[in-house]
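Here's a quick walk through this structure, one piece at a time. Take a look at it first, then read on.

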Amino acid sequence: MKKPSVTFWGAAREVTGSMHMVESNGFRLLLDCGLYMGKSRYAQNRNRLFPFPPESVDAVVVSHAHIDHCGNLPNLVRQGFQGPIYCTPATKDLMAVMLADSARIQKEEADTGDDAGVDESSTGLLYTGVEVAETLRRCETIPYDQSREITPGLMVRLVDAGHLLGSAMIHLTLDTPAGTKRVTFTGDMGRSDLKFLKPPSNLPGADVIVCESTYGGRTHAPVEEIAEKLRRVVRRTAERQGKVLIPAFSLGRAQIVVNFIRQWMHEGLLPRLPLYVDSPLASSIADIYDLHPNLLDPSAINGASHDVPMQYVRRREDSRALSKSRGPSVLVASGGMCEAGRILNHLENNIDDPRNSVVLVSYQAPGSLGQKLMERGPTVRFRGRKWNKWADVFDVSGFSGHADRDELLRQLRPHAEHQPRIALVHGDIEQSTLLSESLMDEGFRTVDVPARETTIHLA
Ligand SMILES: [Zn+2]
């Protein structure tokens with residue numbers, strides 16, 4: 001019998017394509033099955049080809065519904081995986097809209113000749129709505145903090161990670177020939193200071209802790225500092241009768257930013273301007289947040305009961321009309337880096353009006369339109385022509401849903417005396433290495449930053 005082990009297949013020394021395999025007593029349990037984001041040939045191959053036979057996997061546990069953690073599940077199903085998929089109820093609800101959206105994007109890109117996500121199989125796509133539906137049928141939900149024996153000698157417990165609605169740390173208890181072994185996989189770890197979701201629960205102690213390290217070497221600015229910066233921009237823009245355009249990713253960042261703005265309007269810290277969220281996906285996601293009010297921080301007032309009205313824009317023609325409207329308003333639109341999504345129409349119709357502001361709340365990759373907007377210069381090029389960049393552009397990043405170095409250390413510190421083996425994943429090598437140095441300073445003796453394909457034995 002092979003020794004029980006964890007093998008790192010994705011998000012190892014990188015931040016995308018989360019996927020790790022736990023093997024114990026001949027049972028193969030996959031933790032996450034994320035899509036490797038990007039349009040390169042390498043990314044396509046990483047998604048298309050699994051490094052193990054999909055039919056050899058007995059079960060999957062999914063940490064949360066971000067596409068880099070669950071987005072390749074329908075492809076695993078398509079290629080022969082037969083087992084159950086365990087996740088929290090909210091993760092299942094969110095995966096229904098996220099995976100359907102992922103299939104839709106692939107189809108659209110294939111139709112327009114942009115071949116991201118395409119393979120050479122008969123349909124030309126990684127998966128379609130058919131495999132998404134089958135994936136959802138396989139999902140078995142486990143509420144937070146309940147233990148479930150998924151096979152004799154293997155217990156799973158999901159613990160609130162506070163990163164996204166339904167996000168979980170995955171805690172495994174395995175009976176092995178060398179006794180009971182415990183593994184904790186953090187998934188993506190949230191933060192306790194955003195006051196939107198409930199804060200992360202305490203990290204369950206284990207013999208092996210697989211911990212994310214996205215911000216392993218950085219600390220976030222205080223939330224109140226970022227909040228005041230955003231409020232100042234909105235106030236000033238409203239005074240000159242302008243529009244505030246906020247491009248945001250549909251799942252996670254959009255809900256956090258919208259919650260803050262509504263709270264401030266409710267508290268009188270901002271004038272009550274018309275507030276729009278222009279994204280059919282964000283609109284579907286909002287309905288799911290309304291189904292799970294118990295997962296939110298008590299200070300976050302969610303849903304239609306809020307006294308600050310907001311409007312979700314689903315129809316394309318309504319979005320176009322809104323992009324041409326005038327008068328003060330706040331508009332959150334899909335397209336975090338302004339590369340695609342409805343934000344483009346809004347930029348086209350508003351970027352040359354000096355009364356307006358564009359507020360970038362997400363990371364802007366080099367070469368993205370978001371990055372170009374932040375550069376100095378009177379014009380910006382997109383959609384095949386130059387536009388006058390007379391609107392003000394502000395970088396108000398800092399609403400990340402990830403724990404920073406201090407919060408990760410706070411979670412891990414209590415476990416130092418038991419000397420678990422720590423494997424840092426989901427971080428670029430610089431961030432992971434900085435966190436590993438901090439952990440050594442805290443007294444941890446075994447901290448690895450495993451490369452892809454590395455296996456750690458549990459006994
Ligand atoms: Zn995430």
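Helix α12 (residues 405-412) and helix α13 (residues 429-441) have axes that come within 11 Å and cross at roughly 40°. That makes α12 oblique to α13, since angles under 35 degrees count as roughly parallel, over 145 as roughly antiparallel, 65 to 115 as roughly perpendicular and the rest as oblique. The axes are lines fitted to C-alpha atoms, for helices over the stretch in contact, with angles running from 0 to 180 degrees between N-to-C directions. Helices (H or I, at least four residues) and strands (E, at least two) are DSSP runs, numbered from the N terminus.

Which residues meet where α12 touches α13? From α12 come Arg 405, Leu 408, Leu 409 and Leu 412, and from α13 come Leu 435, Ser 438 and Leu 439; contact here puts C-beta atoms, placed from the backbone, within 7 Å. By class, this contact has five nonpolar, one polar and one charged residues. (Ala, Val, Leu, Ile, Met, Phe, Trp, Tyr, Cys and Pro count as nonpolar, Asp, Glu, Lys and Arg as charged, and the others, Gly among them, as polar.)

## How to read the model

This is a predicted model, where local features need pLDDT of at least 70 and side-chain atom pairs count only at pLDDT 80 or more, while totals for chains, interfaces and linings use all residues. Residues are numbered from 1 along each chain as its sequence is written.

## The open sheet

Seven strands line up as β7-β8-β9-β10-β11-β20-β21 in an open sheet with mixed pairing; two strands pair if DSSP finds at least two bridges between them. The edges are β7 (147-151) and β21 (447-448), each with a single partner strand, so one side of each has no neighbour in the sheet.

Strands β8 (residues 154-160) and β9 (residues 168-176) run antiparallel, joined by seven bridges, and Val 156 stands opposite Leu 172 in β9. Helix α13 turns up again here: α13 packs on the sheet, touching β20 (421-425) and β21, and its direction makes about 155° with that of β20.

## A hairpin

Strands β17 (residues 379-382) and β18 (residues 385-388) pair in the antiparallel sense over four bridges. Thr 379 has Asn 388 in β18 as its bridge partner. Two residues sit between the strands of this hairpin, and Arg 383 in the turn has a positive phi of about 50°.

## Two domains

The domain assignment (automatic or from a database) gives domain 1 (5-218 + 401-457) and domain 2 (223-395). Their contact takes 18 residues from domain 1 and 17 residues from domain 2.

Note on methods. Two residues are in contact if their C-beta atoms, placed from the backbone, lie within 7 Å.
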